[in-house]
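Q: I have a model open and want to learn how to read it. Where do I begin?

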Amino acid sequence: MKILGLTGSIGMGKSTVAAMFEEAGVPVFDADAAVHRLQGPGGALVGAIEAAFPGTTGPEGVDRARLGAQVLGDAAALARLEAIVHPAVAEMRQRFLADHEDAPLVVFDIPLLFEKGGAAGLDAVVVVSAPPEVQRARVLARPGMTAEKFERILALQMPDAEKRARADSIIDTGVPHEDTRAQVRQLVSCFLDGKGR
Ligand SMILES: CC(C)(COP(=O)(O)OP(=O)(O)OC[C@H]1O[C@@H](n2cnc3c(N)ncnc32)[C@H](O)[C@@H]1O)[C@@H](O)C(=O)NCCC(=O)NCCS
Ligand SMILES: Nc1ncnc2c1ncn2[C@@H]1O[C@H](COP(=O)(O)OP(=O)(O)OP(=O)(O)O)[C@@H](O)[C@H]1O
């Protein structure tokens, strides 16, 4: 089995491209969705997060806005949260691999792959990318987003140029959907033919 890591900065089209891999028959592990489940109502991490960050959970599980306000500007607090979250995500990833042991190719969709050193064990890393003005327009069009919030999130992420430089493959999302889909299909057949790394 080959494992592709899929990553990219905010608004670059990672979720859209992940769906295109699924359409092409490639199982996708969505790290963000795994975190949401673990933190959601009845989620396995709610108790541990309440113990470490009192007042940040309730009947709906973790209140991410509250938890985010406590940890996103505080490196030590974020590290404590990651120590709770990351091992649980790793376990879900192992379960995903076991569930798809016969698949020739799978994708790990990992938003902070480079930032958090998630490249170990991957056969290749695919970065989704679009011109900065396209990224900005997409993100600012989202409800509740402001220019200030966008800048703050960008500052937490590795610059797109650096991600591109480290990528094994780049998928361009600054083009019509059909063109991006064709790039995904080509990458999949390349890896299935064994010509990919
Ligand atoms: C802090 C939390 C509660 C904030 O949730 P919320 O829904 O409000 O925001 P969201 O998840 O969209 O994150 C907003 C931005 O914060 C940054 N961010 C989030 N987690 C991290 C992190 N561990 N390190 C650095 N930046 C981070 C990202 O750049 C992201 O774009 C949530 O992100 C969380 O539980 N993070 C810890 C788990 C984690 O490491 N997840 C990321 C990889 S699996
Ligand atoms: N060729 C393309 N490929 C991918 N997305 C495109 C393309 N053209 C336009 N878009 C649009 O750009 C947006 C990208 O959003 P998407 O949620 O996929 O990004 P993301 O990188 O997962 O975002 P985030 O990291 O902020 O969650 C979507 O609205 C999508 O329709």
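A: Begin with contacts. Two residues are in contact if their C-beta atoms, placed from the backbone, lie within 7 Å. This is a predicted model. In it, Val 17 touches Leu 6, Val 128, Ile 171, Thr 173, Thr 180 and Val 184, leaving out residues up to four places away in sequence.

Q: Which residues touch the most other members of the largest nonpolar core?
A: A nonpolar core is a set of buried nonpolar residues such as Val, Leu and Phe, joined through C-beta atoms within 7 Å. Here the largest one has 35 residues. Leu 6, Val 17, Phe 21, Val 26, Val 107, Val 126 and Val 184 touch the most other members. Two or more residues come from each of β1 (2-7), α1 (14-23), β2 (28-30), α2, α3 (46-52), β5 (105-109), β6 (124-129) and α9 (177-192). Domain 1 (1-27 + 104-197) and domain 2 (31-99) each give this core at least three residues.

Q: How far apart are the C-alpha centres of the two domains, domain 1 and domain 2?
A: The protein is divided into domain 1, which covers 1-27 + 104-197, and domain 2, which covers 31-99. Their C-alpha centres lie 23 Å apart.

Q: What surrounds ligand 1?
A: Read a shell by its members, then by where they come from. Ligand 1 is surrounded by 20 residues, and the closest are Arg 64, Leu 67, Gly 68, Val 85 and Leu 156. By class, the shell has 15 nonpolar, two polar and three charged residues. At least two residues come from each of α2 (31-39), α4 (64-71), α5 (75-99) and α7 (147-156). Domain 1 and domain 2 each supply at least three residues of this shell.

Q: And which residues come nearest to ligand 2?
A: The shell around ligand 2 has 16 residues, with Gly 13, Ser 15, Thr 16, Thr 173 and Thr 180 coming nearest. Both α1 and α9 give two or more residues to this shell. The most come from α1, with four residues. The classes here are six nonpolar, eight polar and two charged.

Q: Which residues does the UniProt annotation "binding site" cover?
A: Treat a record as a record. The unreviewed UniProt entry places its "binding site" annotation on Gly 11, Met 12, Gly 13, Lys 14, Ser 15 and Thr 16.

Q: Is Met 12 buried or exposed?
A: Count C-beta atoms around the residue. A residue is buried if 20 or more others lie within 10 Å of its own C-beta atom. Met 12 is buried because 24 other C-beta atoms lie within 10 Å. Met 12 sits in the loop between β1 and α1. Beyond its neighbours within four places in sequence, Met 12 contacts Val 128, Ser 129, Ala 130, Gln 135 and Thr 173. Ser 15 lies in helix α1. Ser 15 has 18 other C-beta atoms within 10 Å, so Ser 15 is partly exposed.

Q: Why is Pro 87 exposed?
A: The cut-off for exposed is 12 or fewer. Pro 87 has 10 other C-beta atoms within 10 Å, so Pro 87 is exposed. Pro 87 belongs to helix α5. The C-alpha atoms of Pro 87 and Thr 146 are separated by 33 Å, and these residues are 59 residues apart along the chain.

Q: Where is Gly 43 found?
A: Gly 43 is in the loop between α2 and α3. Gly 43 is partly exposed, because 17 other C-beta atoms lie within 10 Å. Not counting residues up to four places away in sequence, Gly 43 touches Arg 37, Leu 38 and Gly 61. Gly 43 and Gln 70 are 27 residues apart along the chain, with 20 Å between their C-alpha atoms.

Key
Residues are numbered from 1 along each chain as its sequence is written. Chains are lettered from A and ligands numbered from 1 in the order in which they are written. This is a predicted model: local features need pLDDT of at least 70, side-chain atom pairs count only at pLDDT 80 or more; totals for chains, interfaces and linings use all residues. A residue is near a molecule or strand if its C-beta atom, placed from the backbone, lies within 6 Å of it. Ala, Val, Leu, Ile, Met, Phe, Trp, Tyr, Cys and Pro count as nonpolar, Asp, Glu, Lys and Arg as charged, and the others, Gly among them, as polar. Domain bounds come from an automatic or database domain assignment. UniProt positions are given in the numbering used here, feature names are shortened, and annotations may be inferred rather than shown by experiment.
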